[in-house]
Amino acid sequence: MLHTDTREATERGEHEAAAATTTVPAAPAAGHELFFQRCLWCGTPAYRRSFCRACGSTALRRERSAGAGVVVRRTGHAPHHTWFVAMDEGFNLLCQITGTAPVVVGIGARVRVVRTAAPVGQGLPVVELTHPATSPERWW
C-alpha cells in the first residue's frame with residue numbers, strides 16, 4: 001500500500017523542525033524552579049493539588065513560577081519559621097524563610113524562592129527575604 005503524508009502530518013513535521021532549531025533560554029539551576037498547576041477549565045492557579053479548588057476539575061496544566069511573592073501570615077512555632085506566601089501568579093504557598101530572624105519578617109515583605117524543598121524532612125519550599133515590610137505591617 002502506498003503511504004502518503006497528510007497535510008496535518010506535513011505541517012506538524014515542519015513545526016517540530018522549526019521548534020528544534022529555535023534556541024531555548026537557559027533554565028534556572030535545579031532546585032530553584034518552582035512549578036504550580038493551572039486549571040484548564042477556569043484558569044485558577046494552585047500548588048500541589050490533584051483537583052481545582054474552584055471548579056473541581058482534574059485537568060491541570062503545569063507551569064513554572066517566577067518565584068516571587070509577598071508574605072501573608074505566619075503559621076507554626078518560631079523554630080520552624082513557616083509562613084504563608086501569596087505568589088505573584090495567584091497561588092498561596094506554605095514555606096520556610098531562611099537567612100533572617102523571624103522578628104525581621106513582616107506581613108507584606110517580598111520574598112523569592114531559594115530552594116523548592118527543604119533539605120530535611122518537611123518538603124516545604126524555602127524562600128529568602130528580598131524587601132522587608134514597613135514597620136506598621138509587621139506581624140507582631
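**Group meeting: strands, core and ring pairs**

Leu34 stands opposite Ser65 in strand S3. The model is predicted, so to speak only in part at face value: local features need pLDDT of at least 70, side-chain atom pairs count only at pLDDT 80 or more, and totals for chains, interfaces and linings use all residues. Strands here are DSSP runs of E, at least two residues, numbered from the N terminus, and two strands pair if DSSP finds at least two bridges between them. S1 and S3 pair in the antiparallel sense over six bridges. They belong to an open sheet of three strands in the order S2-S1-S3, with antiparallel pairing. Strand S2 (45–46) and strand S3 (60–65) are at the edges with a single partner strand each, so one side of each has no neighbour in the sheet.

Next, S5 and S6. Strand S5 (residues 82–87) pairs with strand S6 (residues 92–98) in the antiparallel sense, over five bridges. Ala86 is opposite Asn92 in S6. The hairpin has four residues between the strands, and Gly90 in this hairpin takes a positive phi near 110°. S6 is also joined to strand S8 (residues 126–131) by three bridges, and these two run parallel. There, Thr98 has Glu128 in S8 as its bridge partner.

Now the core. A nonpolar core is a set of buried Ala, Val, Leu, Ile, Met, Phe, Trp, Tyr and Cys residues joined through side-chain atoms within 4.5 Å; buried means under 20% relative accessible area, with a 1.4 Å probe and protein chains only. The largest one has 17 residues, of which Leu34, Val71, Met87, Phe91, Leu93 and Ile97 touch the most other members. Strand S1 (34–39), S5, S6 and strand S7 (110–115) each supply at least two residues of this core.

Which aromatic pairs involve Phe91? Rings of Phe, Tyr and Trp (its six-membered ring) pair if their centres lie within 6.5 Å, and planes under 30 degrees apart count as stacked. The whole structure holds two aromatic pairs. One is Phe36 with Phe91, stacked, at 4.8 Å centre to centre and 20° between the planes. Phe36 lies in strand S1 and Phe91 in the loop between S5 and S6, 55 residues apart. Phe36 is buried at 1% relative accessible area, and Phe91 is buried at 2%. Tyr47 and Phe91 have ring centres 6.0 Å apart and planes at 15°, so that pair is stacked.

How values were computed:
Residues numbered from 1 in each chain as written. Heavy atoms only, no water. Buried < 20%, exposed > 50% of the residue type's maximum accessible area, 1.4 Å probe, protein only. Phe/Tyr/Trp six-rings, centres within 6.5 Å; stacked < 30°, edge-to-face > 60°.
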